[in-house]
Amino acid sequence: MSELPSPPPPAAGNQYGAEHAAAKKAVALAARLCKKVQQDLLKLDVQTKADRTPVTVADYGSQVLVSVVLKIELPSNSFSMVAEEDSEDLRKDGAQEMLGHITKLVNETIINDGSYSITLSKEDVLVAIDGGKSEGGPSGRYWILDPIDGTKGFIRGDQYAIGLALLDEGKVVLGAMACPNLPFKSIDHNGGSSRDQVGALFSATIGCGSTVESLEGSQPQKISVCSISNPVDASFFESYERKHCMRDCTSSIAEKLGIQAPPVRIDSQAKYGAVAQGDGAIYWRFPHKRSKEAVWDHAAGSIIVTEAGGLVKDASGNDLDFSKGRYLDRDAGIIATNKYLMPLVVKAAQEAMKEEGILA
Ligand SMILES: Nc1ncnc2c1ncn2[C@@H]1O[C@H](COP(=O)(O)O)[C@@H](OP(=O)(O)O)[C@H]1O
Ligand SMILES: [Mg+2]
Ligand SMILES: [Mg+2]
Ligand SMILES: [Mg+2]
């Protein structure tokens, strides 16, 4: 397989140009490993974590590759990352076979890409996974990674995303997100023609807009959220998994807004990418309990939507605060949409949640 294409030099004025290029390379390489695993996922490649959610060899392998690429591409003594997975379960007796498989997958992906002449041992793999143990917070620079967001979708053969973001003094300043199964329209700027492709790489840097390109390499093209202002014409995305979203509440919000289109239910932060490129108008998330929302489930997706001209708020209309550590501090619910629809969706959500007894 050919080496991943080097991205074009960053636009003048992009102070995170090197990080942007490294982040895209990292998620694109991780996506190669994930695609290979999704094609022939075996039962023994999937484990259940202590919180009873699934994790696969690809979640771990992706986390290793992103961490390795960032460290090589951006040499510095101060690498810090908040990532979803840790090595605890892989260090247990009985996990040796799985660890061996992850190590093999990581090394094969590196060899096939051809950019780096390194081979990782099992111990290197464990150490790379634990590179994601940072606690985050309001100061300094650190990465936030969801190595596979939508693991349940990944196992089912559906949508998933690899989401990577950079925080600088508590603010998300860049995001790169690979969505290997998401369709997008690639536009030939010479001929003006467009064709449908699958495998999108979204990225955004603060103040520089959002782009999408092919995961296999193509010219990045600017994207923007839709400009629908009447909710009757809007469509919305929500979780495929019934357990992840209160459907009674969201159908009530949709009814209040007069939305005609049926819900589009897909897994992962691919929903943020779809809203950012105007495939639909709204992504909302209303979890059942006031469960904690992890920063890695939203950091990359949220900057890709805001740099595409959209807004991302909690259900009270507040900005998301990524500076509080590994979890977001927010009021129930998260909404991503354009500036016209946001106040209407927040109002409908507040009313619906009061009626459902979720808000006082
Ligand atoms: N019972 C639950 N309620 C709400 N969110 C949940 C959940 N179980 C898992 N999740 C979160 O939902 C994410 C997937 O979101 P979506 O529903 O949009 O596909 C998961 O990310 P991971 O797959 O990275 O673990 C996980 O963080
Ligand atoms: Mg998970
Ligand atoms: Mg996730
Ligand atoms: Mg995950």
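I will start with the record. The UniProt annotation "binding site", from an unreviewed entry, covers Glu84, Asp146, Ile148, Asp149 and Asp297. UniProt positions are given in the numbering used here, feature names are shortened, and such annotations may be inferred rather than shown by experiment. These residues are spread over 214 residues of sequence, yet they cluster in space, with a largest C-alpha distance of 9.6 Å.

A word on conventions. Residues are numbered from 1 along each chain as its sequence is written, and chains are lettered from A and ligands numbered from 1 in the order in which they are written. This is a predicted model, in which local features need pLDDT of at least 70 and side-chain atom pairs count only at pLDDT 80 or more, while totals for chains, interfaces and linings use all residues.

Now two of the site residues. Asp146 is placed in strand β4, residues 141-149; helices (H or I, at least four residues) and strands (E, at least two) are DSSP runs, numbered from the N terminus. Is Asp146 buried or exposed? Asp146 is buried, because 32 C-beta neighbours lie inside 10 Å. The cut-offs are these: buried means 20 or more other C-beta atoms within 10 Å of the residue's own, exposed means 12 or fewer, and partly exposed is in between, with C-beta atoms placed from the backbone. Leaving out residues up to four places away in sequence, Asp146 touches Glu84, Gly163, Trp296 and Asp297. Contact here means that the C-beta atoms, placed from the backbone, lie within 7 Å.

Asp149 has 29 other C-beta atoms within 10 Å, so it is buried. With residues up to four places away in sequence again left out, the contacts of Asp149 are Tyr160, Ala161, Gly163, Ser268, Gln269 and Asp297.

One of those contacts needs a remark. Ser268 sits in the loop between β11 and α7 (270-276). Ser268 has a positive phi of about 80° although it is not a glycine. Most residues other than glycine have a negative phi. Ser268 is buried, because 29 other C-beta atoms lie within 10 Å. Arg52 also has a positive phi, about 70°, without being a glycine. Arg52 is found in the loop between β1 (46-48) and β2 (54-56), and it counts as exposed because it has 6 C-beta neighbours inside 10 Å.

Back to β4 and its sheet. Seven of the nine residues of β4 are buried, so the strand is largely enclosed by the rest of the structure. The sheet is open, with seven strands in the order β3-β4-β5-β6-β7-β8-β9 and mixed pairing; strands pair if DSSP finds at least two bridges between them. β3 and β9 (221-223) stand at the edges with a single partner strand each, so one side of each is left without a neighbour in the sheet. On average, neighbouring strands of this sheet are turned by 25° against each other, direction ignored.

How do β3 and β4 run? They run parallel, joined by three bridges, and Met81 has Trp143 in β4 as its bridge partner. β4 and β5 run antiparallel and are joined by seven bridges. In β5, Asp149 has Ala161 as bridge partner, and Asp146 stands opposite Gly163.

Two helices lie across this sheet. Helix α2 (residues 57-73) lies across β3, β4 and β5, at about 150° to β4. Axes are lines fitted to C-alpha atoms, for helices over the stretch in contact, and angles run from 0 to 180 degrees between N-to-C directions.

The other sheet I will mention is open and has five strands, ordered β11-β10-β12-β14-β13, with mixed pairing. Three bridges join β12 (residues 282-285) to β14 (residues 334-337), and these two run antiparallel. Helix α9 (residues 342-355) lies across β12, β13 and β14, running at about 155° to β14.

Last, the domains. The protein is divided into domain 1 (17-223) and domain 2 (231-355), with bounds from an automatic or database domain assignment. Their contact takes 40 residues from domain 1 and 27 residues from domain 2. On the side of domain 1 that touches domain 2, the largest share, eight residues, comes from β6.
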